[in-house]
Amino acid sequence: MIKVALKDYSSIYTIEDWMLHEVAPKFYEMENVSTLNTGLFGMNNHIIGSVIEDQFEVVDRYVNEMLPQKANLPEFIYANAALYGITSFLARPAKTSMLLYLKEKDILGKSVYKQSGRTITTSGKSSYVEYRNFIIDSEMLVFTTVYGDKASDTRELQFSIPYDINIQVSEIDKGSNIKEYSYIATWIMDTKNEIAEVTNPYIKLYRSVYDGDIWIALKIDIYQYARREYTNQILTNSRLNIPYFEKNYSDQLCNFEVFYQEPGSNEWIQLEKRLESSTPISTPFIYYKVIDEETVRFSFANDDRYFVPDYNSNIKVHMYETVGKDGNFFMTDETGIVPTITLRTNDEDLAYNRAVIAMGLIGTDSTGGRSKLTVQDIKDLTCAKMLTVDSITTDNDLVLFAKNYAAVYQTNPVFIKYRDDVAGREYGCYIRLTDGVDIYPSNTVNLKITSDAVDKYFPSLKQYIIKPGKRYKYDSGKTNDTVIPMSPDEEKADIEYTSIFLTIVQTKPNSVRYYLNTVDKNVMLEYTDINSFSFYNFLVSSCSIKRNAVRGDMSYLIRLSILRVDGVIEGINVDDDINSSEDLDKKLRVLIIFETNEGHYVEMNLVSMNKKIGQYDFETTIETDDMIDDSRISLLNLKNSDTGAEESRIVDMMNPKVHFCVFYKYETDNIVHKYQDVTTIKDYTLCNSYSPYENEFYFALPMELMRSHVTFLDMPGSPSGFGFNVKQTPLLGYDFIFDEESNHIAEVTQEIVGFYDFIYSTLMSVTPNFTINIKLFNTYGRSKMFYVGEKKLLDYVNLRAFVKIRFYAGVDEGVYLNHVKMYIKDFVENLNIVKEGTNKIESSVLIHKLHEEFKDQIEYIILPTFNDYGAEIQVIELNGLLPSETTPDTVPEFVTLRREDITIISI
């Protein structure tokens, strides 16, 4: 066996010793060599040893920096974050609203005439339309002083606008030297600014008279940042010299945008920003890399197959710097803050900006500012991403996911494994719904129903429809897990349930599907048409769609509010064609146009108006019979575009292709539009049209992750002789949902939709054979897990508590009763932890804790009781912990105590 001596590289001394005793004798006659450290050999030996030691240090440090949990250098931490897709570590600027005032005579005197193009009127005439433009450059500066409680808290803040603003002026000559002006103010969004939260290009505009002048006021959002502009010339683009440059910043960086100008061109092209090491693309782009907390490096590809800047081309960088959270402030003066505004520009075509005096008024809080993440914050986020590789594959990944959700949304989903085999992995995800204080009453049970008790049957689709809002009670035969429908006049039961979902039982193939057809949503609309040829234009103030299917509504109420954007106010233009019209409902019309094969629409009705601010409110209803074909729903009262006759059509329930269109009928010269096939508005001018964003406007939500299965039952007592057993049906408390004094249906719907969307989005991160089935906790109903007394099942998990308390003389009982109720509630609910903890509620411990907490207020307590049990029942306990793997029939339970179910009797 050959023995190999191990080299010791632990220090420079061991390296030099190895060089002296192992290496040097092979090359020198050592008796003739001076080995002193101060000699030539000693110097060479020290240099070589130092180099070798440095190499090991560098390699060791480099290996550490490659690991996210060990990295210390900012450049590596930022690079690791980019590798795991973490890019939102920049600061976020604060935002506030401001009224920007300009004199009307300045706009009229300095605006530039434009010939917009040829128009064809409904009478067949052709003409060119002219108007004027006044553009405000985004270089405009807004400075304001914010005063704090202390002199040292006073700070100067700079705000900016995200885009240029265009004010379009239209003019109508009414004769006798009377001219009427209409204004349309819009953001010019021909480039992208990631800071801007602008979805509506229109800007609300007001007109007012002050000191003999007419002022135009624009209500705009301004952002707390300063935009710095830098220009670089590309002097090399060879393969051996990849062009790159670095930009430093002093405040916190919140955004940057990069533009490219070819040699000899005056046009600037915005470049797509891509992280360094990303896949290159052929369209114009630029790589970026955050080097440290003060530097960003920009670079390009060195491959001619992709975009490479030309020699002698120019690069312009806009760096957006903010003070982060220090830009937030709250309004303390009711009159608002008057900032200093300077209009400026580098564009000589807009030189008139420099000659215009502007005023402003900030009247809202400045919010949303967030400071940049620290290097340590970014490191922690990267480590968390690395832990699961941003996917859910194992049971532990699922546990981490649940804990993160619980921390953010204050509700703790419980996952129970149903199966884990070659066919797939399925988990039941049980959730508790809450308003932050009380837990909503819910349960997951089996529903037994005859085929005659369903609400509707569609033979063509083989579908039985069970509408939401029906009353259910426990079946006397199977008291713990099966419910049956109740007749409308049936006497009230102890526990009654209802469903908020439309349930469809299909027989070929056998399946159960749930849909949430109760809708209460404010809809975000995107502008798809702005008609600069129309004298009148409108922006959307609000849009909503509502239906309470639980209470039996069979139609959707849709409401749209629009505002004039020409600045009309009472006292100015109050007698114009719109406000003086006696039949405005015939001139100003709004249609919801559906993109069906034949073309259909629904007309909205003008229900109210406010002439002072130029607001007009429209409403309509769309009827349905709830016939659903997979992802489509049947609507009953759509009008045929050609005939105007009402027809039923099936449309996509989640994203129906609809457009909200505003039309106005001028006395003459109405302009031809793209909806000429709609007979009822053929002779009108299309002013504006708006379309909903994806998933914003819907008629029903398919609950694909709520799964049940159905079995057929022989029911000789029913007329048809058969029925269904729908297993694992999610239900809620009937009295809770139908409480007249609250809006619980909207609260529950919002909770479920929010959680459902979150779970659905995470499925993109799970492995393909991973399935999640969303269900509801048993927080309302009979128990199969909790016991009282001698192993007797608890009757109801929704407890009622009765407590008799003697307060000390002089104590204001009204002040402390609510505090005592909350303490009892928290004590009960905190002691029935599902997975761990004592899982036991003891009356004696509760008395002791109450005395400790309210020792100066409570003299004594008589033994509390729960539900209808007597004082002899003192303990409620869980019979073992919830298993991590079980069948879908196991529904986790949570003993609840609502504030309204606590009765405190003062003695």
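Is Arg-354 buried, partly exposed or exposed? Arg-354 is partly exposed, with a relative accessible area of 44%. In this report, buried means under 20% relative accessible area, exposed means over 50%, and partly exposed lies in between, with a 1.4 Å probe and protein chains only.

The model is predicted: local features need pLDDT of at least 70, side-chain atom pairs count only at pLDDT 80 or more, and totals for chains, interfaces and linings use all residues. Residues are numbered from 1 along each chain as its sequence is written, and side-chain values use heavy atoms, with hydrogens and water left out.

## The chain as a whole

The protein chain has 11 helices and 51 strands. Helices (H or I, at least four residues) and strands (E, at least two) are DSSP runs, numbered from the N terminus. Of its 907 residues, 48% count as buried. Contact means heavy atoms within 4.5 Å. Among contacts between residues at least 6 apart in sequence, 69% join residues at least 24 apart.

## Salt bridges

A salt bridge is a side-chain nitrogen of Lys or Arg within 4 Å of a carboxyl oxygen of Asp or Glu. The structure holds 31 salt bridges, including those in the table.

| Pair | Closest N to O |
|---|---|
| Lys-95 and Glu-197 | 2.9 Å |
| Lys-103 and Asp-213 | 3.6 Å |

In the pair of Lys-95 and Glu-197, with N and O atoms 2.9 Å apart, Lys-95 lies in strand E1 (residues 95-103) and Glu-197 in the loop between strand E7 (179-188) and strand E8 (202-210), so the bridge ties together parts that are 102 residues apart in sequence. Lys-95 is partly exposed at 25% relative accessibility, and Glu-197 is exposed at 53%.

Lys-103 forms a salt bridge with Asp-213. This pair also links distant parts of the chain, with Lys-103 in strand E1 and Asp-213 in strand E9 (residues 213-223), 110 residues apart. Lys-103 is partly exposed, at 22% relative accessibility.

Glu-348 counts as exposed at 55% relative accessibility. Elsewhere, salt bridges that share partners join Asp-438, Lys-825, Glu-829 and Arg-899 into one network.

## Nonpolar cores

A nonpolar core is a set of buried Ala, Val, Leu, Ile, Met, Phe, Trp, Tyr and Cys residues joined through side-chain atoms within 4.5 Å. In soluble globular proteins, nonpolar side chains tend to be buried together. The largest core here has 104 residues, of which Ile-500, Phe-538, Phe-594, Phe-660 and Phe-699 touch the most other members. Helix H9 (residues 744-762) supplies the largest share of this core, seven residues. Another core, of 43 residues, lies apart from it, with Ala-91, Leu-102, Ile-203 and Tyr-352 among its members.

## Helix H11

Which residues of helix H11 (residues 843-853) are buried? They are Ser-843, Leu-846, Ile-847 and Leu-850. Seen down the axis of H11, these buried residues fall within an arc of 100 degrees, so they line one face of the helix. The arc is that of the directions from the helix axis to the C-beta atoms. An α-helix has 3.6 residues a turn, so residues three or four places apart point the same way. The buried residues of H11 pack against helix H10 (813-830), strand E48 (840-842) and strand E49 (858-866).

## Thr-518

Thr-518 is found in the loop between strand E29 (510-516) and strand E30 (519-522). This threonine is buried, with a relative accessible area of 7%. A polar atom of its side chain lies 3.1 Å from the backbone nitrogen of Ala-549 and one lies 3.5 Å from the backbone nitrogen of Val-550. Leaving aside neighbours within four places in sequence, Thr-518 is in contact with Arg-547, Asn-548, Ala-549, Val-550, Ile-745 and Thr-749.

## Ile-905 and the cysteines

Ile-905 is in strand E51 (residues 902-906) and is partly exposed, with a relative accessible area of 39%. Beyond its neighbours within four places in sequence, Ile-905 is in contact with Val-803, Lys-804 and Ile-805. Ile-905 and Ile-862 are 43 residues apart in sequence and 10.0 Å apart in space, C-alpha to C-alpha.

A search of the whole structure finds zero disulfides, a disulfide being a pair of cysteine sulfur atoms within 2.5 Å. Cys-543 is buried at 3% relative accessible area, and Cys-687 is buried at 0%.

Technical notes
A polar contact is a pair of N or O atoms within 3.5 Å; within protein, one must be able to donate a hydrogen and the other to accept it, and residues adjacent in sequence count only if both atoms are side-chain atoms.
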